[in-house]
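I want to go through confidence, packing and backbone in turn.

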Amino acid sequence: MSETNLSIAEEIMLLLLHDEDGSFVRLPEWSRRYALSGAVLMELAENRRIDSDVNRLFVIRDEPIGSATADAVLKEIAMEKQEKDIRYWVERTAERADDIREEALARLTTKGIIEQVDERFLWVFRSRRYPVIDGTAEKETKLRLFEVLFSDAIPSPRDVILLCLAHASGILNEMLPRKQLDTVSDRIETVRKLDLIGQTVATAIWDIEISIAMST
């Protein structure tokens, strides 16, 4: 499959959209926020701006990549005086989730992939949807993900990242029936191990979500 020119956050937003009406998949709010947080960190890693080991996440190049939210996160990591691990930065970056979401949606709209539809009743704003008007990118993103899951082909680094985030955040649970997801569980584990930082970000998301679930 061809590589996309979309950011990881943009691809996550496409996975979260329903084809039919442009509404969003129902996920817990924290799952959406951590998926977008992880997407920005993985975008920085993919562009060789950050790296990590077991105990810390650190900057290796501080040049901006051209995304307002990602560049703000990169600057924040670079300015941090104390070493912090990936879980810390997943939680810290999640504070920007609304900005990450809006930037991704704005870029998808500018590229002509989705459109913004505001629904009103008696001139009062009720809700906002984002119907897909050019489904090529959305279909490619989903097809790439399914190809990773249902074939033995070696996935690209980008597709490993996408799978890690979609699995950790629960997006895959919305895309596939439970029984079908069970049949590819071994494949998911195999693919996750192909990218160390992707695996670590996914594990951090799981740990955070488990902590939230236990506390509520």
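Where in the protein chain is confidence lowest, and where is it highest? This is a predicted model, and I checked that first. Strand 4 (residues 124-129) comes out lowest, at a mean pLDDT of 66, while helix 3 (residues 68-79) is highest, at 97. Over the protein chain the average is 87, and 93% of the residues score at least 70.

Next, a helix pair. I looked up helix 1 (residues 8-16) against helix 6 (residues 136-150): their axes are 9 Å apart, and the packing angle is about 90°. From helix 1, the residues in the contact are Glu11, Leu14 and Leu15. On the helix 6 side I noted Ala137, Glu138, Thr141, Lys142, Arg144 and Leu145. Sorted by class, this contact has 4 nonpolar, 4 charged and 1 polar residues.

Then the core. The largest nonpolar core has 63 residues, and Ile12, Val90, Ile114 and Leu165 touch the most other members. Helix 2 (residues 29-46) gives the most to this core, with 9 residues. I followed up Val90, setting aside neighbours within four places in sequence: Val90 is in contact with Tyr34, Ser37, Leu41, Val201, Ala204, Ile205 and Ile208.

Most residues other than glycine have a negative phi. Arg48 has a positive one, near 55°. I placed Arg48 in the loop between helix 2 and strand 1 (50-52). Is Arg48 buried or exposed? Its relative accessibility is 60%, so I put Arg48 down as exposed.

Technical notes: Residues are numbered from 1 along each chain as its sequence is written. This is a predicted model: local features need pLDDT of at least 70, side-chain atom pairs count only at pLDDT 80 or more; totals for chains, interfaces and linings use all residues. Side-chain values use heavy atoms; hydrogens and water are left out. Axes are lines fitted to C-alpha atoms, for helices over the stretch in contact, and angles run from 0 to 180 degrees between N-to-C directions. Helices (H or I, at least four residues) and strands (E, at least two) are DSSP runs, numbered from the N terminus. Contact means heavy atoms within 4.5 Å. Ala, Val, Leu, Ile, Met, Phe, Trp, Tyr, Cys and Pro count as nonpolar, Asp, Glu, Lys and Arg as charged, and the others, Gly among them, as polar. pLDDT is the predictor's confidence in each residue, from 0 to 100. A nonpolar core is a set of buried Ala, Val, Leu, Ile, Met, Phe, Trp, Tyr and Cys residues joined through side-chain atoms within 4.5 Å. Buried means under 20% relative accessible area, exposed over 50%, partly exposed in between (1.4 Å probe, protein chains only).
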